[in-house]
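User: I'm new to reading protein models and I'd like a close look at one part of this one. Could you walk me through the charged network and tell me how its members sit in the chain?

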Amino acid sequence: MDVSRREFLKLSTAIAGAMVLPACTLNTARQTQDGYYYELTAEPATAELVPGYQTDVLGFSGQIPAPTIRCRQGEKVTIRFTNKLNEPTTIHWHGLRIPIEMDGVPFLSQPPIMPGETFVYEFTPPDAGTFWYHPHMNSVVQLGMGLVGAIVVEEAEPVQFDAEQVMLLKHWHLDEQGRWKQLMVPRLSARMGTPGEWGTVNGKHEPTYELPQHAMTRLRLANVDNTITYPIAVEGIQAWIVAIDGNPVREPMKLEQHKIGPGMRLDLAVEAPAAGQAFQVVQMKGRFAFPMATFRSVGSDLVPGKLIPSIPLNPIPAPDLANAEVRHFVFEWEGAVTPASANGKTVPKFWLMNKRAWEGMSKANIPAPLASLEQGKTYIFDLKNVTQYHHPIHLHGHTFTVLEMDGKPVEPFHTDTVLLGKNGHAKAAFVADNPGRWMYHCHVIEHMKTGLMGYIEVA
Ligand code: C2O
Ligand code: CU
Ligand code: CU
């Protein structure tokens, strides 16, 4: 990155809320008459994740953090993607309710994109918010080594924050000298997953960002980690939850502590304190807070006491609960390391969804769906975790309305990923309005690789 671009990025952090050209964080981005246009690659690159050491990574357009794709609700975005890896891949747009052909799942929605090939993704996001993108092949490695990025869909009617910051949360499996450790340890895959040790926000360990004093700021947190659930808190200032998993909440809610599992997002509103003061976004571990990022205020003409801008709700179809059909899903531990896995060739199976472990798929072998749903009908998914570990359960192409968590009714909220705690139970409704075969899996990547995955058919 050259200096002018770095300066520009610093500047764009401060003015992002007011930016007219959302595409300008990427030099290959253009706003055309026909919506937004991006060029994107996935390629081997190096990055200084641990200061002083270079690490071989996989980067979107060779960059860590990946370029943020900005587009607008109800407007077309085109992403011309070229695979410069030495293995096949596909790109999935996590949380976006778009047609199956653009969902980026190999075999179910498109053939794998082979090395050197280009695939043009083109869609019109119906919902605004903080989403993210990642490959849907060889995910332990491709995501683990860096292919994770944010896609920010601006509201159709601009919402006026003074500043904003995307925060991609990820722990890397690196030692103190930036050397790779094992991305997946089977003994841990059978438990909570293999955590990385080097915690970063946007590829930097405990970064500091500057904010104009009193700026009404939108923090867009995305947990792009393969494994870790982050209990998020903010110290030094009151923060408000304005959106969960990309979807605005009716009223801002005071943030005490909020857990985001892998794949999940959280949008916070904070008013930056007076110049010279700071606050921190922290990860809680029990009673202890570990800083993830620091925000320091610098002088500005802004005055304190601004209201949190209201963000319009997304047009998620309202479930017809009176006529809904309930489908049950039980998440179980099997714990069998098959002898064949000893040589590392076969992926072991540890987890079951309704007594089935995902066996993987190929063009010639697409397993049967976990459920077949009638298009247009409302379903209530009754999710039961009978294991000691948490599972963020994600459905493609649709957005859940969560009705109940652990036996208690909740103020309904929208999400694409439901975090089931240890022995957790949830009820989540949705209208099966998007025809296709949609992946349905735990977003702890090792869990999905070792059984906790399947798909739902809507026809
Ligand atoms: Cu981020 Cu199949 O998901
Ligand atoms: Cu997804
Ligand atoms: Cu899981």
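Analyst: Let's start with a term for the metal sites: a donor is an N, O or S atom within 2.8 Å of the metal, and water is not among the atoms, so a site may look incomplete. With that in hand, the copper ion (ligand 2) is coordinated by His92 (NE2) and His394 (NE2), at 1.9 Å. These two come from distant parts of the chain, with His92 in strand 6 and His394 in strand 25, 302 residues apart. Keep in mind that this is a predicted model.

Now for the part you asked about. Salt bridges that share partners tie Arg70, Glu154, Glu155, Glu164, Arg218, Arg220 and Asp267 into one network. The count for the model comes to 16 salt bridges.

A handy way in is Arg220, which lies in strand 13 (residues 216-223). Is Arg220 buried or exposed? Arg220 counts as buried because its relative accessibility is 0%, and the cut-off for buried is under 20%.

Take Asp267 next. Arg220 forms a salt bridge with Asp267, and their closest N and O atoms are 3.7 Å apart. This pair links distant parts of the chain: Arg220 is in strand 13, while Asp267 is in strand 18 (residues 265-271), 47 residues apart. Asp267 is buried too, with a relative accessible area of 0%.

Then there's Glu164. The side chains of Arg220 and Glu164 are joined by a polar contact of 3.0 Å. Glu164 also forms a salt bridge with Arg70, where the closest N and O atoms are 2.4 Å apart. Here again distant parts of the chain are linked, since Glu164 sits in strand 10 (residues 163-172) and Arg70 in strand 4 (residues 69-72), 94 residues apart. Glu164 counts as buried at 6% relative accessibility, and Arg70 is buried with a relative accessible area of 5%.

For contrast, look at another salt bridge. Asp162 pairs with Lys306, with closest N and O atoms 2.8 Å apart. Asp162 is in the loop between strand 9 and strand 10, and Lys306 is in the loop between strand 20 and strand 21, 144 residues apart. Asp162 counts as buried at 17% relative accessibility, whereas Lys306 is partly exposed at 37%.

Terms used:
Residues are numbered from 1 along each chain as its sequence is written. Chains are lettered from A and ligands numbered from 1 in the order in which they are written. This is a predicted model: local features need pLDDT of at least 70, side-chain atom pairs count only at pLDDT 80 or more; totals for chains, interfaces and linings use all residues. Side-chain values use heavy atoms; hydrogens and water are left out. Helices (H or I, at least four residues) and strands (E, at least two) are DSSP runs, numbered from the N terminus. Buried means under 20% relative accessible area, exposed over 50%, partly exposed in between (1.4 Å probe, protein chains only). A polar contact is a pair of N or O atoms within 3.5 Å; within protein, one must be able to donate a hydrogen and the other to accept it, and residues adjacent in sequence count only if both atoms are side-chain atoms. Donors are N, O and S atoms within 2.8 Å of the metal (3.2 Å for Na, K and Ca); water is not among the atoms, so sites may look incomplete. A salt bridge is a side-chain nitrogen of Lys or Arg within 4 Å of a carboxyl oxygen of Asp or Glu.
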